[in-house]
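Here are my notes on this model, as promised. Have the structure open while you read, and take the points in order.

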Amino acid sequence: MPAPEPGPDSALVRLGRLIRDAREDLELTQTELANRSGVSRPTIQRYENAKSPAPEFDKVRAIIIALDVDTREIPVALGIVTREEMGLPPERARPRRFDATTEEILAMLEDPRYSQAEKVALRELLRAQLATRPQQSAAASGPADAV
């Protein structure tokens, strides 16, 4: 019997979100993060998607250090202690880079549970969605414009 999927606020999901958000804030790909941290891209992908049943703490630490994230964030993400107990400031709200629908499609494109055929369909959906938006100046274009 396969292991149950982690809940939306499980420790593994929070840890994966911490890694993904920090990586995206630095505009790094998983491959670039792998090169910086010495942790393989598939391992980073498993952590970000909460697919690793027991993260190896030396690898998580290497990833967090490569992302220049305060290492005190690890036990907070895992739910062992609170931000206050670790002496961290309150969590800042992370602004969305795109609208909710685009963010959801982008997350699905990174999710290994979707087949390549499904990802092709998602890319087409994203292209259609972007085509209906008003044109932005080249300086204001974001990463989704390259899809």
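This is a predicted model: local features need pLDDT of at least 70, side-chain atom pairs count only at pLDDT 80 or more; totals for chains, interfaces and linings use all residues.

1. Start with lysine 119. Leaving out neighbours within four places in sequence, lysine 119 is in contact (heavy atoms within 4.5 Å) with Met108, Leu109, Glu110, Asp111, Pro112 and Tyr114.

2. Numbering runs from 1 along each chain as its sequence is written, and side-chain values use heavy atoms, with hydrogens and water left out.

3. Is lysine 119 buried or exposed? Lysine 119 counts as buried because its relative accessibility is 8%; buried means under 20% relative accessible area, exposed over 50%, and partly exposed in between (1.4 Å probe, protein chains only). The lysine 119 side chain reaches the backbone oxygen of leucine 109 at 3.1 Å.

4. Next, look at how α2 (residues 30–37) sits on α4 (residues 57–66): the angle is about 105° and the axes are 9 Å apart. Axes are lines fitted to C-alpha atoms, for helices over the stretch in contact, and angles run from 0 to 180 degrees between N-to-C directions. The pair is therefore roughly perpendicular, a label covering 65 to 115 degrees. On the α2 side, Leu33, Arg36 and Ser37 meet Ala62, Ile63 and Ala66 of α4.

5. Ile63 is worth a click as well. Not counting residues up to four places away in sequence, isoleucine 63 touches Ile19, Leu33, Ser37, Val39, Ile44 and Tyr47.

6. Which residues touch the most other members in the largest nonpolar core? They are Leu15, Ile19, Leu33, Ile63, Ile64 and Leu67, out of 19 residues. A nonpolar core is a set of buried Ala, Val, Leu, Ile, Met, Phe, Trp, Tyr and Cys residues joined through side-chain atoms within 4.5 Å. A second, separate core has six residues, among them Ile105, Met108, Leu122 and Leu126.

7. Finally, aspartate 70, in the loop between α4 and α5 (73–77). Aspartate 70 is partly exposed, at 31% relative accessible area. Setting aside residues up to four places away in sequence, aspartate 70 touches Ile64 and Leu88. Aspartate 70 and leucine 88 are 18 residues apart in sequence, with 9.1 Å from C-alpha to C-alpha.

Methods
A polar contact is a pair of N or O atoms within 3.5 Å; within protein, one must be able to donate a hydrogen and the other to accept it, and residues adjacent in sequence count only if both atoms are side-chain atoms. Helices (H or I, at least four residues) and strands (E, at least two) are DSSP runs, numbered from the N terminus. Angles under 35 degrees count as roughly parallel, over 145 as roughly antiparallel, 65 to 115 as roughly perpendicular and the rest as oblique.
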